[in-house]
Amino acid sequence: MKRWITYAVRLGAAALAGGGIVAGQSAMNTINAKAQAEGWHLLFDGKTTAGWRGFRQKTLPGGWQAVNGTLTRVGQAGDIVTIDEFGDFDLMLEWNLPPNGNSGIHYRVAEDDDVMWHQAPEYQIIDNGYKEPLKPGQYTGANYDLHPPSRDVTKPIGSWNLTRLIVRGAHVEHWLNGVKVVEYELWSPDWERRVRESKFKDYPNYGRARRGHIGLQDHGDRVAFRNIKIREARN
């Protein structure tokens with residue numbers, strides 16, 4: 001595991017320089033040959049919504065659309081998930097919110113419950129200046145309601161922010177704009193305690209899946225994603 005995480009840290013520094021996500025407008029939703037050779041592939045081609053569907057649905061709700069190279073929640077829709085499932089992975093994407101916007105990225109999403117957040121942990125995405133007071137575990141980059149981010153490294157609302165989510169067995173890291181803001185071990189005594197003290201205490205399957213879909217949350221606000229790519233870890 002140590003070698004894999006060390007590689008992921010190096011990649012974070014190189015990604016915007018061309019080793020992975022290329023942030024320039026002319027190269028949106030592309031990955032270069034080096035990244036492809038390292039196992040990265042796109043989850044969104046920038047033109048279609050292929051590879052995505054509604055949570056517990058067969059098709060994608062019309063409220064999620066490909067708009068100017070982004071996967072955008074443009075209207076009432078509901079949460080969406082990748083068609084493919086993933087166990088251990090490194091996920092990178094960029095996101096953009098309007099003022100008071102709220103969304104999230106879920107991982108290892110199972111569909112045994114009719115609500116995605118009842119089972120799948122969430123990398124929180126929100127306007128940190130939200131209209132309602134936020135708890136520490138509700139700021140952007142948090143493991144929602146369990147682990148607050150170590151600091152606020154968000155860019156101004158309306159800007160593109162870069163998220164990285166590393167999941168390897170029980171080990172999880174949340175990165176935001178090149179800074180690691182959260183690190184935790186699933187199923188550890190500390191994690192179990194936090195779950196018991198959280199809103200997830202009544203959901204026995206919360207965070208238990210070892211493989212599942214990547215999910216994007218519809219919290220009722222417009223949110224846009226681009227440059228969504230993933231690299232699966234292989235033993």
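Visitor: How many nonpolar, polar and charged residues are in the lining of the largest pocket, by class?

Guide: The lining has seven nonpolar, five polar and three charged residues. Here Ala, Val, Leu, Ile, Met, Phe, Trp, Tyr, Cys and Pro count as nonpolar, Asp, Glu, Lys and Arg as charged, and the others, Gly among them, as polar. Please note that this is a predicted model, in which local features need pLDDT of at least 70 and side-chain atom pairs count only at pLDDT 80 or more, while totals for chains, interfaces and linings use all residues. Residues are numbered from 1 along each chain as its sequence is written, and side-chain values use heavy atoms, with hydrogens and water left out.

Visitor: What makes a residue part of the lining of a pocket?

Guide: On a 1 Å grid over the protein atoms alone, a pocket is an open set of points where a 1.4 Å probe fits, with protein on both sides within 12 Å along at least five of seven lines; a lining residue has an atom within 4 Å of a point. The largest pocket has 15 such residues, and Asn-102, Gln-124, Gln-138, Tyr-144 and His-219 lie nearest its centre. Strand S8 (residues 122-126) gives the largest share of the lining, three residues. Strands (E, at least two residues) and helices (H or I, at least four) are DSSP runs, numbered from the N terminus.

Visitor: What is the volume of the largest pocket?

Guide: The volume is about 220 Å³. A volume is the space filled by probe spheres set on the grid points, which are joined across faces, edges and corners.

Visitor: Why is Pro-149 called buried?

Guide: Buried means under 20% relative accessible area, exposed over 50%, and partly exposed in between (1.4 Å probe, protein chains only). Pro-149 has 16% relative accessibility, and therefore counts as buried. Pro-149 lies in the loop between S8 and strand S9 (161-168). Beyond its neighbours within four places in sequence, Pro-149 is in contact (heavy atoms within 4.5 Å) with residues including Pro-136, Tyr-139, Val-181 and Val-182.

Visitor: How do you know that Arg-226 forms a salt bridge with Glu-94?

Guide: A salt bridge is a side-chain nitrogen of Lys or Arg within 4 Å of a carboxyl oxygen of Asp or Glu. The closest N and O atoms of Arg-226 and Glu-94 are 3.3 Å apart, so the pair meets the definition. This pair links distant parts of the chain, with Arg-226 in strand S13 (residues 223-232) and Glu-94 in strand S6 (residues 89-96), 132 residues apart. Both Arg-226 and Glu-94 are buried. The structure holds 12 salt bridges.

Visitor: Why does Lys-180 count as partly exposed?

Guide: Lys-180 counts as partly exposed because its relative accessibility is 32%. Glu-183, at 42%, therefore counts as partly exposed as well. The side chains of Lys-180 and Glu-183 meet in a salt bridge, at 2.9 Å from N to O.

Visitor: What makes a nonpolar core, and which residues of the largest one touch the most other members?

Guide: A nonpolar core is a set of buried Ala, Val, Leu, Ile, Met, Phe, Trp, Tyr and Cys residues joined through side-chain atoms within 4.5 Å. The largest has 42 residues, of which Leu-91 and Phe-225 touch the most other members. Not counting residues up to four places away in sequence, Leu-91 touches, among others, Leu-43, Ile-105, Ile-214 and Ile-228.

Visitor: What share of the protein chain is buried?

Guide: Buried residues make up 55% of the 235 residues. The chain has three helices and 13 strands.
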